[in-house]
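Open the model in your viewer and keep the selection panel at hand. The stops below say what to select and what is there.

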There are 2 protein chains.
Amino acid sequence: MSIEPLAWEGGRLRLLDQTQLPNDEVWLELTDHTQVAEAINSMRVRGAPAIGVAGAFGLALAALTSEATDCETLLRELRRAAEELIATRPTGANLSWAVKRTLAAAEDASDVESARTSVLREAQAIQREDIEGNRALGRHALELVPERATFLTHCNAGALATAGYGTALGIVRAAAEAGKQVSVVATETRPLSQGARLTAWELLRDGIECTLIVDGAVGPLLRRGATDLVVVGADRIAANGDTANKIGTYNVAVLAREHGVPFYVAAPTSTIDMTLLTGDSIVIEERAAEEVTAPGGRRIAPPDVDVANPAFDVTPHELIAAIITERGIARPPYASALSEMMR
Amino acid sequence: MSIEPLAWEGGRLRLLDQTQLPNDEVWLELTDHTQVAEAINSMRVRGAPAIGVAGAFGLALAALTSEATDCETLLRELRRAAEELIATRPTGANLSWAVKRTLAAAEDASDVESARTSVLREAQAIQREDIEGNRALGRHALELVPERATFLTHCNAGALATAGYGTALGIVRAAAEAGKQVSVVATETRPLSQGARLTAWELLRDGIECTLIVDGAVGPLLRRGATDLVVVGADRIAANGDTANKIGTYNVAVLAREHGVPFYVAAPTSTIDMTLLTGDSIVIEERAAEEVTAPGGRRIAPPDVDVANPAFDVTPHELIAAIITERGIARPPYASALSEMMR
């Protein structure tokens, strides 16, 4: 079974600290929602769907640790905790979706104890649905995957980016389970090297062939016809199909089109934000310069250099051959396809 | 004055160890040609033109340390040293050009002592001509540079990649000296981060504004119109204009065309290899996996992952708006333009 990076056990959230992979497999035990917020902010848990699940459990921890004796007080505390959790990272859609859904469960409850129970149940449901959804997503995608397929993927949209199984890498797993012969080329994905640290780690752990390249090596690889399809995850998808994903994704999408290789986005429908008409309105998180200038604490640039470090970019829908979700495959024109899918 | 990374002093080659930049400025004193070969192989000196100059001085050291008392013995030793030096790195054209030119100076000499003197003089001439050539190249390029110009460059084609002044960054310097308002966006250039370590360092040292980005951030930057032109160096240019340069260059070239930003190659004519009809015959050096999996010795990928680590890629001539050399600007069609330039 592929790894599941979040587990609810004994009233605590056990969480795999992904900043320490691949060298150390360290599990944290989080007991309140501020620890969860810190874990999201520091990217101990990352990947839009996994962040959503973590946020939901964060709210569950806020409910369980609250000393409120009436619903009104509890809800006031939960709303504050929800805001704190949602504020940690702005670009991904799933975090606010999951936290709001969990909060709504509390709002529907009739007394404090049932509110606490409902919040936890809702978080667990989101976790369970995420894994089931990823398996469905993988099955839907099978028709797009040749019998012998070399995938190219960027960043990590795997089991580690979700509650389990993965979105982009869930497709790889589903294809392997269906008897197809699969291998993956993983881009390193600077600045935080999720491809090297996480994608390679989880694929090798599951016995799936993986070749690592630097981000700069994508073009020559596609040019010599070495890959059959590109599949990436998503952090937020606008109503027209424009997709925010890890910085570097747009480069890959342009290069894929240049070489006639189909470029697919794989994400749960909780990533789709129908309130945004286009990707132009997606807020792109800018992260600390040190991620670029001092990876892993080792300084590789002069201290006084200016740095631009956007964590995400937006791939325009024209470059996307299909958006694959747990509900099926959306194809262009996306405005109507996504609107129908989200109805 | 911009830095000059190689200096002949007191019968030794002083060489700036670029693997230690930007944190430490360490100068090595090399006394024989095997030390020079090691320095090239380990990329203590790098950049095709700088490697050429180092190789020429390597041969000078071989001549000066030889105990040969007759021309025939000396030449035999020098030919062996030349082979050793040329074998260190296969892709760049300038190394073999410079070493062969230096060797020819020995071959023309009438006695052992004058052979030794000629070899050293030739190496010094190559060094001097490289700097003068870069200044001429920068002047030729002025017509391509707007009065306010934001350059994008990849890797380091600067003073550190040459005997001094630089090729791509020589154009930036020439534009600044001509009173233009210039700034540079430098890509990190994984795996060895020459953009972060070297380009940023030498530009800030000369007071030129520099912003560092990861390689994955090139597309969004070009898409929002933030750069006026792309200029890169070259390791080998085929007769049709196809250009081998640091891995990642081809990505940048495709993205530049996608966004209508002119993509220029800047290199001395010693980089042009008229014996190759196209870039398809350029030998691409594959370097150690550890450059990707353990940058600076810090492991970031599982030990058993497969790695592809080509050090260079080839940008087809169709993507290149002009090739700028010390002799002038070559424009498409390159087959005739380069042939005329090299006559």
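## First stop: a buried threonine

Select B:Thr189, which is buried (under 20% relative accessible area, where over 50% is exposed and anything in between is partly exposed, with a 1.4 Å probe and protein chains only), at a relative accessible area of 0%. B:Thr189 sits in the loop between strand S5 (181-187) and helix H7 (194-205) of chain B. Helices (H or I, at least four residues) and strands (E, at least two) are DSSP runs, numbered from the N terminus. Although B:Thr189 is not a glycine, its phi is positive, at about 70°.

Before going on, note that this is a predicted model, in which local features need pLDDT of at least 70, side-chain atom pairs count only at pLDDT 80 or more, and totals for chains, interfaces and linings use all residues. Residues are numbered from 1 along each chain as its sequence is written, chains are lettered from A and ligands numbered from 1 in the order in which they are written, and side-chain values use heavy atoms, with hydrogens and water left out.

## Chain A as a whole

Now select chain A and zoom out. Chain A has 11 helices and 15 strands. Its C-alpha trace spans about 65 × 50 × 40 Å along the principal axes. The radius of gyration of chain A is 20 Å, which agrees with the value near 20 Å for a compact globule of 343 residues; the radius is taken over C-alpha atoms, and the globule rule is 2.2 Å times the number of residues to the power 0.38.

Colour chain A by burial: 63% of its 343 residues are buried. The accessible surface of chain A comes to about 12,200 Å², and carbon and sulfur atoms hold 47% of that surface. Accessible areas come from the Shrake-Rupley method with a 1.4 Å probe, and for residues only the protein chains shown count as cover.

Contact means heavy atoms within 4.5 Å. Of the contacts in chain A between residues at least 6 apart in sequence, 74% join residues at least 24 apart.

Next, colour the two domains of chain A: domain 1 covers 6-135 and domain 2 covers 137-341. These bounds come from an automatic or database domain assignment. The centres of domain 1 and domain 2 of chain A, taken over C-alpha atoms, are 25 Å apart. Where they meet, domain 1 of chain A supplies 28 residues and domain 2 of chain A supplies 35 residues.

## Two loops of chain A

Select A:Tyr165, in the loop between strand S4 (148-153) and helix H6 (168-177) of chain A. Is A:Tyr165 buried or exposed? With 3% relative accessibility, A:Tyr165 counts as buried. Its phi is near 75°, a positive value in a residue other than glycine.

Move to A:Pro191, in the loop between strand S5 (181-187) and helix H7 (194-205) of chain A. The peptide bond joining A:Arg190 and A:Pro191 is cis, with omega about 10°.

## Back to chain B

Select B:Pro22, in the loop between strand S2 (12-16) and strand S3 (27-30) of chain B. Here too is a cis bond, from B:Leu21 to B:Pro22, with omega near 0°.

Select B:Ala98 in helix H4 (residues 94-107) of chain B. B:Ala98 is buried, with a relative accessible area of 0%. Which residues does B:Ala98 touch, not counting residues up to four places away in sequence? They are B:Gly52, B:Ala56 and B:Ile126. From B:Ala98 to B:Gly58, 40 residues apart in sequence, the C-alpha to C-alpha distance is 10 Å.

Go on to B:Glu147, in the loop between helix H5 (112-141) and strand S4 (148-153) of chain B. B:Glu147 counts as exposed, at 54% relative accessibility. Leaving aside neighbours within four places in sequence, B:Glu147 is in contact with B:Lys180 and B:Gln181.

Select helix H9 (residues 249-258) of chain B. Eight of its 10 residues are buried, so H9(B) is largely enclosed by the rest of the structure. Among the buried residues are B:Thr249, B:Tyr250 and B:Leu255. Just after H9(B), B:Gly260 takes a positive phi of about 65°.

End at B:Pro333, in the loop between strand S15 (328-330) and helix H11 (334-341) of chain B. B:Pro333 counts as exposed, at 57% relative accessibility. The C-alpha atoms of B:Pro333 and B:Gly241 are 8.4 Å apart, and the two are 92 residues apart along the chain.
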